[in-house]
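Please open the structure in a viewer and keep the selection panel at hand. The stops below are given in the order in which they may be selected.

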Amino acid sequence: MTRVLAVRSVFPPHRHPQSEITEALARFLPPGSDTALLRRVHGSVRVDGRHLALPLERYGPGNDFGATNALFIETALELGARALELALSDAGLAAREVDLVMSTTVTGLATPSLEARLAARAGLRPDVRRVPLFGLGCAAGAAGVGHVHDHLTGRSGHAALLLSTELCSLTLQSTDASMANLVAGALFGDGAGALVAVGRDHPLHATGAGPEVVAARSRLYPGTEHLLGWDIGHWGMRMVLGRELPDLVRLHVAEEVESFLAAHDLKPADVDAWICHPGGPKILDTLSEALALPDSAFAASRRSLAAVGNLSSASVLHILDGVQSAGPPPPGSVGLMLGFGPGFASELVLLRW
């Protein structure tokens, strides 16, 4: 089975408490906007602080999409290079030994893609297999782990790198007073994560303290395409966020989790480590209730949300990094990585230490 050798998270240097971000965004709203509503939304999401790609004073009305996207590429490359270097160092692997690099982002556009721009700088081989992902949104971190596992199952002597770089703050629509934009402005932060994994026949497979990937599953929920994603135009990327998402999680995702676990003779209560994308406190509360789990089951996700906000696809890597850094779970422990994204879709990855 695929072995995770290392996972690391990195962040831009500009960190602000939630209260400072709240007041800055309140000043950006058009005259007559309900700033009290903005403050209530920001106060309800259980985020203590976030890292931002730019100094807080550089956000505001009038940002050009092209100029903002150029900043995305510049900052994403810096963060991605750091995350990649740290994860490879922890894994004891040289960049030239990586056979597959998969990159994911949904907060900026880059062609050539980010991993192509980083390849020579990082020391990756010219013949490295590349798979850039765009459009999977917050689910892409878990989806990426699943796709890495698929590759390494078929090429068991290979080493693979997953890189997630998300600069959510650069998508901010500062003068948009819609509820979807207020929620996005309250929840999302910036950061990057990198994960290194090897197949079962790789020389480093037996040396890793990280989990093995047992299986992965993807699921689309028909008729829900309009509930989550981007509305992209000259203004940039405007959040589409349906109110029905918690109900979808309750009605469908919980059932999908139970079905996936049952295929491996497991129940939700058997999972020792939940690596769940923190879409927001309401999503975590709903999933906890639907699966009959205690609030403590998603403690790692709640800590990540409080510390850095919702990092889109990089969140699950940050959560797994935190679980590993706190001391890996005992051998035989079961983990489940969950991500949700546009489609509406869920991505599940079964882990075992």
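In this tour, contact means heavy atoms within 4.5 Å. Helices (H or I, at least four residues) and strands (E, at least two) are DSSP runs, numbered from the N terminus. The model is predicted: local features need pLDDT of at least 70, side-chain atom pairs count only at pLDDT 80 or more, and totals for chains, interfaces and linings use all residues. Residues are numbered from 1 along each chain as its sequence is written, and side-chain values use heavy atoms, with hydrogens and water left out.

**First stop: a helix pair**

Select residues 18-28, helix α1, together with residues 35-44, helix α2; the two pack at an angle of about 155 degrees, with their axes 10 Å apart. Axes here are lines fitted to C-alpha atoms, for helices over the stretch in contact, and angles run from 0 to 180 degrees between N-to-C directions. Helix α1 is therefore roughly antiparallel to α2, a term for angles over 145 degrees. Next, show the side chains at the contact: Q18, I21, T22, E23, L25 and A26 of α1 meet T35, L38, R39 and H42 of α2.

**Second stop: D190**

Move to strand β7, residues 190-198, where D190 is placed. Is D190 buried or exposed? D190 is buried, with a relative accessible area of 0%; buried means under 20%, exposed over 50% and partly exposed in between (1.4 Å probe, protein chains only). Leaving aside residues up to four places away in sequence, D190 touches several residues, among them F11, H51, A53, Y59, E166 and L311. Select A53 as well: its backbone nitrogen lies 2.6 Å from a polar atom of the D190 side chain.

Most residues other than glycine have a negative phi, and most peptide bonds are trans. Select T111 and P112, which are joined by a cis peptide bond with omega about 10 degrees. P112 is in the loop between β4 (100-104) and α4 (114-122). Then select G343 and F344, where a cis peptide bond has omega of about -25 degrees; F344 lies in the loop between β12 (334-341) and β13 (345-352).

Select D265, in the loop between α7 (245-262) and β11 (273-276). D265 is not a glycine, yet has a positive phi of about 60 degrees, and is exposed at 73% relative accessible area. Finish at S312, in the loop between α9 (299-308) and α10 (315-325). Phi of S312 is near 55 degrees, a positive value, and S312 counts as buried at 2% relative accessibility.

Conventions: Angles under 35 degrees count as roughly parallel, over 145 as roughly antiparallel, 65 to 115 as roughly perpendicular and the rest as oblique. A polar contact is a pair of N or O atoms within 3.5 Å; within protein, one must be able to donate a hydrogen and the other to accept it, and residues adjacent in sequence count only if both atoms are side-chain atoms.
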